[in-house]
Amino acid sequence: MSEKGDPVVTDEMRQLIGQRSAPLHYEVESGACRMFAWAVGYKDRIFYESERARSAGYRDLPAPPGFFGHRLVIPGAGTPQGLQRFLDTPLKVRLDAGAEIEYLGDICAGDTLSGTSRLVSLEEKSGQSGPLLVSVTEFEYTNQNNELVAKSRHTVINR
Amino acid sequence: MTHPNITLHSQIPELVEHCDSRRMAMWAAAVRSFNPLHFDYEFARRAGLPGPNVNGAFKLALFGRTIHEWLNGECSIKNLSSRYLAMDIIETDIRCGGEVTELPEDGRSVVSLSMWTEGSDGQKTTEGTAKVQLR
């Protein structure tokens with residue numbers, strides 16, 4: 001129970017568990033792959049030069065681990081989000097607690113991915129600062145050839 | 001094959017990355033997510049932190065780079081996981097390393113790793129695992 005005595009996990013929130021979001025569209029652009037590689041500090045030129053990537057056996061620049069491309073963002077129009085973002089909780093401070101990624105195929109520049117998310121669980125815990133809401137969300141990414149290429153699972157703590 | 005000699009409990013060479021607001025601004029651009037908590041001191045202090053904190057997903061991505069550089073890119077990462085144990089406040093050197101925890105006898109299939117990061121003060125801030133297909 002939160003300070004006001006309201007449950008941290010409401011019935012309304014519980015109804016979201018197990019639901020899958022509408023697919024979101026991700027573009028894996030070559031410039032974006034390079035920017036991600038640069039930010040992480042990769043020096044291997046396969047992340048920057050398509051020719052080298054192909055010589056190393058990739059279809060094109062590989063998306064570095066952890067990169068799934070970008071969704072279309074129209075400033076001011078709101079961004080489509082996964083289900084976790086719809087949780088209407090007074091606990092507004094959002095902390096990443098952990099992540100898991102499983103690759104079932106490769107992701108390269110030029111790919112377009114369709115991603116859906118599913119809220120797996122919601123749990124109330126108590127922390128030093130008071131009540132915590134722990135949510136686990138699963139994502140699945142399918143490429144332009146309808147191949148499931150990756151799954152990820154994210155644990156978020158709201159406090 | 002340009003793999004290093006891999007044995008059970010082999011230590012993955014540590015990678016050290018200086019994480020400052022510039023690095024976090026680059027990360028924000030890379031993921032197109034601009035939460036000032038990760039690069040703006042004033043904002044972070046108002047939120048009760050000593051300074052901006054390093055994104056968890058950045059540390060997970062560092063696991064990938066650490067493995068890639070250890071194996072000279074002759075690998076395909078199948079699984080990565082992370083658990084964030086503590087915040088890394090920027091102006092820190094994040095050390096990232098790991099160890100081989102399972103090694104199939106043929107030496108050619110999937111190798112399991114445990115991974116970690118620690119901050120400048122030596123405190124472990126992330127732990128995780130990876131599964132890597134050698135190429």
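Which residue in β2(B) is the bridge partner of Ala99(A)? Ser82(B) is that partner. Keep in mind that this is a predicted model.

Now step back to the whole contact between the chains. Chain A brings 23 residues to the contact, and chain B brings 23 residues as well. On the side of chain A that touches chain B, the elements giving two or more residues are α2 and β3 (94–103) of chain A. The largest share of that side, eight residues, is given by β3(A). Here is how the residues of that side divide by kind:

| Kind of residue | Count on the side of chain A that touches chain B |
|---|---|
| Nonpolar | 15 residues |
| Polar | four residues |

Next, have a look at helix α1 of chain B, which covers residues 21–31. Its buried residues are Arg23(B), Met24(B), Trp27(B), Ala30(B) and Val31(B). Viewed down the axis of α1(B), these buried residues fall within an arc of 115°, so they line one face of the helix.

What do the buried residues of α1(B) pack against? Their partners come from both chains: α2 (30–40) of chain A, along with β1 (11–19) and α3 (56–70) of chain B. Finally, follow the chain just past the end of α1(B), where you will find Arg32(B) with a positive phi of about 50°.

Conventions:
Residues are numbered from 1 along each chain as its sequence is written. Chains are lettered from A and ligands numbered from 1 in the order in which they are written. This is a predicted model: local features need pLDDT of at least 70, side-chain atom pairs count only at pLDDT 80 or more; totals for chains, interfaces and linings use all residues. A residue is buried if 20 or more other C-beta atoms lie within 10 Å of its own, exposed if 12 or fewer, and partly exposed in between; C-beta atoms are placed from the backbone. Helices (H or I, at least four residues) and strands (E, at least two) are DSSP runs, numbered from the N terminus. The arc is that of the directions from the helix axis to the C-beta atoms. Two residues are in contact if their C-beta atoms, placed from the backbone, lie within 7 Å. Ala, Val, Leu, Ile, Met, Phe, Trp, Tyr, Cys and Pro count as nonpolar, Asp, Glu, Lys and Arg as charged, and the others, Gly among them, as polar. Two strands pair if DSSP finds at least two bridges between them.
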